[in-house]
Amino acid sequence: LLAALEEVHAAGTGSNFAEALTLAETLLQGREGGKILVLTDAAIPQPELDALARQPSSVAREWLNLGGDVPNRAIVALAAHARQSGGPTPIYARVVNYNGAPEDTVLRLFGDEQLLDTRPLALAAYGEAELTWMVPPGVTLLRAELMGSDALPADDVALLSLPQQRPIRTLLVADQPTALTRALGVLPGLTLNQVTTGAYPTSPLLAETDLTIFEGSLPAAWPAGGVLVVNPPPGAALLPVGEWREPQGAIVSHTPLFAGLSLEAVTVGAVRELEVPAWLAVWLEQGGYPLMLRGRSGTSEVAIWNFDLAQSNLVSRLAFPLLVARSVRDLRPPALPGAMLLGETLSLHPDSRATHVEIVHPDGRKNELEIATGQHLSSILNQHGKYQIIEQAGSTVLFSTQVAVNVGAPSESNLRANVLPAATPTPAASVNADDYAHPLWPWLIGLALLVLLVEWAYVHGGRAVGVRG
């Protein structure tokens with residue numbers, strides 16, 4: 001047992017005693033005299049312990065406290081607030097003292113392994129401290145650490161990855177200046193290039209583009225990555241676009257992506273008749289005519305705005321830059337979290353062009369996950385430290401980032417012992433009809449033995465009488 005315990009490593013935060021006890025009871029079903037012995041340091045949140053005490057049990061339970069209050073302090077939060085593109089990043093940290101005595105310590109903040117700040121902390125008994133910084137642009141990984149030592153060194157260090165926003169290399173295909181240029185120019189992480197419709201097929205920028213926007217034109221084939229088409233023309237092979245029509249009525253939304261946007265005062269003018277392919281879903285419509293559509297074709301994430309911006313008042317409304325920003329964000333994979341807790345599951349929504357994702361663990365071990373078309377991936381992060389996430393299309397790296405995994409959390413770092421539930425004896429067995437159901441084969445065997453015994457006595461008894469006669 002001790003050898004097996006040596007091989008067990010913590011791979012998550014929190015606990016689930018209810019399921020563990022249910023599993024133990026299942027293993028003891030049908031065994032008389034079974035008992036569940038829970039060995040614990042009692043550093044379990046009291047509400048959870050109280051709920052376990054009320055949980056019914058069919059097996060006797062006994063709780064054994066192997067420890068007592070253990071002094072500990074921890075960094076339980078390290079987070080970044082939203083920042084302006086190119087500006088400093090606001091950082092927040094929270095340190096908690098889970099000790100009945102005050103403690104003095106020092107917190108140091110590193111940016112890409114360079115010391116940025118040192119803060120002395122005077123933590124009251126069971127007290128906490130909150131700290132903030134403005135970190136200059138260009139820093140990719142933060143590390144906060146408390147000086148000294150305590151019972152749980154792993155939560156004295158916290159990591160945070162900063163540049164989680166994916167770069168969006170955008171190519172606008174339009175023959176004249178457009179209102180889209182202004183709306184796209186303010187989006188963080190987006191770089192914009194523009195070519196004419198005639199120059200697009202041979203542009204050297206095609207291989208370096210994450211998002212392609214066509215205004216008033218359609219390509220011969222969907223380019224890989226994100227695609228936004230505004231005012232698609234008729235006669236193209238990719239979409240069955242028809243004549244102009246004048247829709248009536250209110251604009252109706254079928255997606256939560258545009259929730260909170262006021263579209264009552266928006267008029268789009270004429271829209272094209274459009275036979276909607278099966279792979280496209282209508283997100284906005286008016287009078288039965290689709291205004292905005294969204295879908296995926298192969299390695300292309302496609303959005304269609306089926307109206308002419310020049311005929312619409314949308315560009316003069318506040319909803320316009322918001323619609324552009326949300327559409328662009330939806331066409332690109334979401335940002336990854338800067339930090340997660342040990343044992344949490346990382347959901348990956350790779351670039352539509354990616355063929356596989358490589359995950360490099362903090363200990364250097366590598367996992368390579370192959371991607372089917374449109375597949376989302378997940379991975380349990382069970383090591384403390386920095387994970388590297390690399391999305392690739394063949395041998396080409398599309399995107400590389402890092403995700404920090406920390407241990408510090410109130411449920412794990414608070415090592416004070418709480419009141420354990422009282423021992424519960426085995427409940428009295430209930431009487432039911434099954435208690436009186438017994439197998440028949442012992443009675444049948446007994447009856448057969450009785451018949452054989454009577455037959456033997458009859459035979460041997462008759463012979464004895466004959467001798468005496």
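Buried means under 20% relative accessible area, exposed means over 50%, and partly exposed is what falls in between. Keep that handy for the exercises below, which work through a predicted model.

**Exercise 1. Find out where Arg73 and Glu103 sit, and whether each is buried or partly exposed.**

Step 1: Start with the contact. Arg73 and Glu103 join their side chains in a salt bridge, at 3.0 Å from N to O.

Step 2: Check the cover. Arg73 has a relative accessible area of 1%, so it is buried. Glu103 comes out at 22%, so it counts as partly exposed.

**Exercise 2. Work out which parts the salt bridge between Asp210 and Arg169 ties together.**

Step 1: Look at the pair. The side chains of Asp210 and Arg169 meet in a salt bridge of 3.0 Å, N to O.

Step 2: Locate both ends. Asp210 is in the loop between strand E11 (190-195) and strand E12 (211-215), while Arg169 is in strand E10 (residues 168-173), so the link ties together parts 41 residues apart in sequence.

Step 3: Compare their cover. Asp210 is buried, at 3% relative accessible area, and Arg169 is partly exposed, at 37%.

Step 4: Widen the view. Arg169 and Asp210 belong to a network of salt bridges with Arg332, Asp351 and Arg353. A search of the whole structure turns up 19 salt bridges.

**Exercise 3. Describe the second largest pocket: its volume and its lining.**

Step 1: Note the volume, about 440 Å³.

Step 2: Go to the lining. It has 19 residues, and Gly14, Asp41, Ala43, Ser411 and Glu412 lie nearest the centre of the pocket.

Step 3: Link the lining to the fold. E1 and helix H6 (410-413) each give at least two lining residues.

Notes. Residues are numbered from 1 along each chain as its sequence is written. This is a predicted model: local features need pLDDT of at least 70, side-chain atom pairs count only at pLDDT 80 or more; totals for chains, interfaces and linings use all residues. Side-chain values use heavy atoms; hydrogens and water are left out. On a 1 Å grid over the protein atoms alone, a cavity is a set of points where a 1.4 Å probe fits but cannot get out, and a pocket is an open set with protein on both sides within 12 Å along at least five of seven lines; lining residues have an atom within 4 Å of a point. Grid points are joined across faces, edges and corners, and a volume is the space filled by probe spheres set on the points. Helices (H or I, at least four residues) and strands (E, at least two) are DSSP runs, numbered from the N terminus. A salt bridge is a side-chain nitrogen of Lys or Arg within 4 Å of a carboxyl oxygen of Asp or Glu. Buried means under 20% relative accessible area, exposed over 50%, partly exposed in between (1.4 Å probe, protein chains only).
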